[in-house]
Amino acid sequence: VMGKIISECSNILQMIRSRASTKPSYATDMAHNLTWSNDVFPLIHNSLLGSIVAVYLGFGGASAIVADARDLVEALGSEGCELIHPCIREALTVLSEASAKDENTKVGLNRACFLAPSVC
């Protein structure tokens, strides 16, 4: 299950990177529109949160997703705030800084789980 979550998250990160690299205008950007969609937001957000859990629990295949997330956060920079939903940006930031059994990762995950506060 963790491998599937990591794989889905990797695909999502690639999609966001692809859209952000074209630097389209705010109003027409597909990545922005998708992340704000009620149908798509939960899939993206849950994949990011699941990946954070995988990293926190020390899943062996999760280290590459942290590096991918870190690279994406750096690539997005301040313009990323306009490209993606702020809750997704928050989860992406937590993932980019995540590590196994790390208290900061746990706190960040708890903060990103806005629908279920204090789950960790």
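Is Ala54 buried or exposed, and what is its relative accessibility? Ala54 comes out at 0% relative accessibility and therefore counts as buried, where buried means under 20% relative accessible area, exposed means over 50%, and partly exposed is in between, using a 1.4 Å probe and protein chains only.

Before I go on, please keep in mind that this is a predicted model, in which local features need pLDDT of at least 70 and side-chain atom pairs count only at pLDDT 80 or more, while totals for chains, interfaces and linings use all residues. Residues are numbered from 1 along each chain as its sequence is written, and side-chain values use heavy atoms, with hydrogens and water left out.

Ala54 lies in helix H3; helices here are DSSP runs of H or I with at least four residues, strands are runs of E with at least two, and both are numbered from the N terminus. Not counting residues up to four places away in sequence, Ala54 touches Met2, Ile6, Phe59 and Ala62, where contact means heavy atoms within 4.5 Å. With Ile6, the separation is 48 residues in sequence and 7.9 Å in space, taken from C-alpha to C-alpha.

Let me turn to how H3 packs. Two packed helices are described by the angle between their axes and the distance between the axes. Helix H3, residues 41–56, meets helix H7, residues 103–112, at an angle of about 160 degrees, and their axes are 10 Å apart; the axes are lines fitted to C-alpha atoms over the stretch in contact, and angles run from 0 to 180 degrees between N-to-C directions. H3 and H7 are therefore roughly antiparallel to each other, since angles over 145 degrees count as roughly antiparallel, under 35 as roughly parallel, 65 to 115 as roughly perpendicular and the rest as oblique. On the H3 side the contact is made by His45, Leu49, Ile52, Val53 and Tyr56, and on the H7 side by Thr105, Lys106, Leu109 and Ala112.

Which residues does Ala100 contact, leaving aside its neighbours within four places in sequence? They are Val55, Tyr56 and Gly58, and Ala100 itself is found in the loop between helix H6, residues 86–96, and H7. At 45% relative accessibility, Ala100 counts as partly exposed.

Finally, the cysteines: Cys87 is partly exposed, at 26% relative accessible area, whereas Cys113 is buried, at 13%. The count comes to 0 disulfides, a disulfide being a pair of cysteine sulfur atoms within 2.5 Å.
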